[in-house]
Amino acid sequence: MTDLKTRSRPTGATAVLGRTGFPHITSATGGELGIVTGPSQQGFNPLDLLYASLSACLTMSARIAASQMGVLDRVTEISAEVTGEKATEGLSRVQTFNILFTIKGDIDDETRNAIARAAEEEICTVSNTIRGNPDFSTTVSV
């Protein structure tokens, strides 16, 4: 595969939460998102955002993989549904990510699997980060 050319873009997010209510998130580029936590509320909770980040990254990475393999012109749609299973013991965390790739177009199953594998194991920054046990650098201010 060829090297990826990346353009720099501000990244990051800030969540603000008052004494009551839900967090409000602003991205480094000015995007805004409200968080919900009630089971019947429509919207994203923190775990949904984790799954959303992974699913979005996987679909974009799959498109990159298809392009690198020379089959993008035969792909009509790529989706990645991500859910997870929380650990029943130890720290509160997602123990298993369940990923369902759907890659539509005039390509065979071997190529579909190769695209999904390359996206998940080589290209996607989010999946690579989750697997990589990243360090945390935390500062607390007033």
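Q: How many helices and strands make up the secondary structure of the chain?
A: The chain has 3 helices and 5 strands, where a helix is a DSSP run of H or I with at least four residues and a strand a run of E with at least two, numbered from the N terminus. Their order along the sequence is β-β-β-α-β-β-α-α. This is a predicted model, in which local features need pLDDT of at least 70 and side-chain atom pairs count only at pLDDT 80 or more, while totals for chains, interfaces and linings use all residues. Residues are numbered from 1 along each chain as its sequence is written, and side-chain values use heavy atoms, with hydrogens and water left out.

Q: Why is Glu 120 called partly exposed?
A: Residues are buried under 20% relative accessible area, exposed over 50% and partly exposed in between (1.4 Å probe, protein chains only). Glu 120 has a value of 22% and is therefore partly exposed.

Q: What makes Asp 109 exposed?
A: The relative accessible area of Asp 109 is 55%, and the cut-off for exposed residues is over 50%. Asp 109 is therefore exposed. For the chain as a whole, buried residues account for 23% of the 142 residues.

Q: Which residues have the most contacts inside the largest nonpolar core?
A: They are Leu 58, Phe 101, Ile 103 and Ile 115, in a core of 22 residues. Such a core consists of buried Ala, Val, Leu, Ile, Met, Phe, Trp, Tyr and Cys residues joined through side-chain atoms within 4.5 Å. At least two core residues come from each of α1 (46-68), β4 (75-86), β5 (94-105) and α2 (109-123). The largest share, 7 residues, belongs to α1.

Q: What does Leu 58 touch, not counting residues up to four places away in sequence?
A: Its contacts, meaning heavy atoms within 4.5 Å, include Ala 80, Val 82, Ile 99, Phe 101 and Ala 119.

Q: How do you know that α1 and α2 meet?
A: Residues of α1, among them Leu 58, Ser 61 and Ala 62, meet residues of α2, including Ile 115, Ala 118 and Glu 120. The residues of this contact divide into 9 nonpolar, 2 polar and 1 charged; here Ala, Val, Leu, Ile, Met, Phe, Trp, Tyr, Cys and Pro count as nonpolar, Asp, Glu, Lys and Arg as charged, and the others, Gly among them, as polar.

Q: At what angle do the axes of α1 and α2 cross?
A: The axes cross at roughly 115° and come within 8 Å. Each axis is a line fitted to C-alpha atoms over the stretch in contact, and the angle, on a scale from 0 to 180 degrees, lies between N-to-C directions.

Q: Why is the pair of Arg 131 and Glu 120 called a salt bridge?
A: A salt bridge requires a side-chain nitrogen of Lys or Arg within 4 Å of a carboxyl oxygen of Asp or Glu. The N to O distance between Arg 131 and Glu 120 is 2.8 Å, so the pair is a salt bridge. Arg 131 lies in helix α3 (residues 125-131) and Glu 120 in helix α2, and the pair therefore ties together parts 11 residues apart in sequence.

Q: Which residue forms a salt bridge with Asp 109?
A: Arg 112 does, with the closest N and O atoms 3.5 Å apart.
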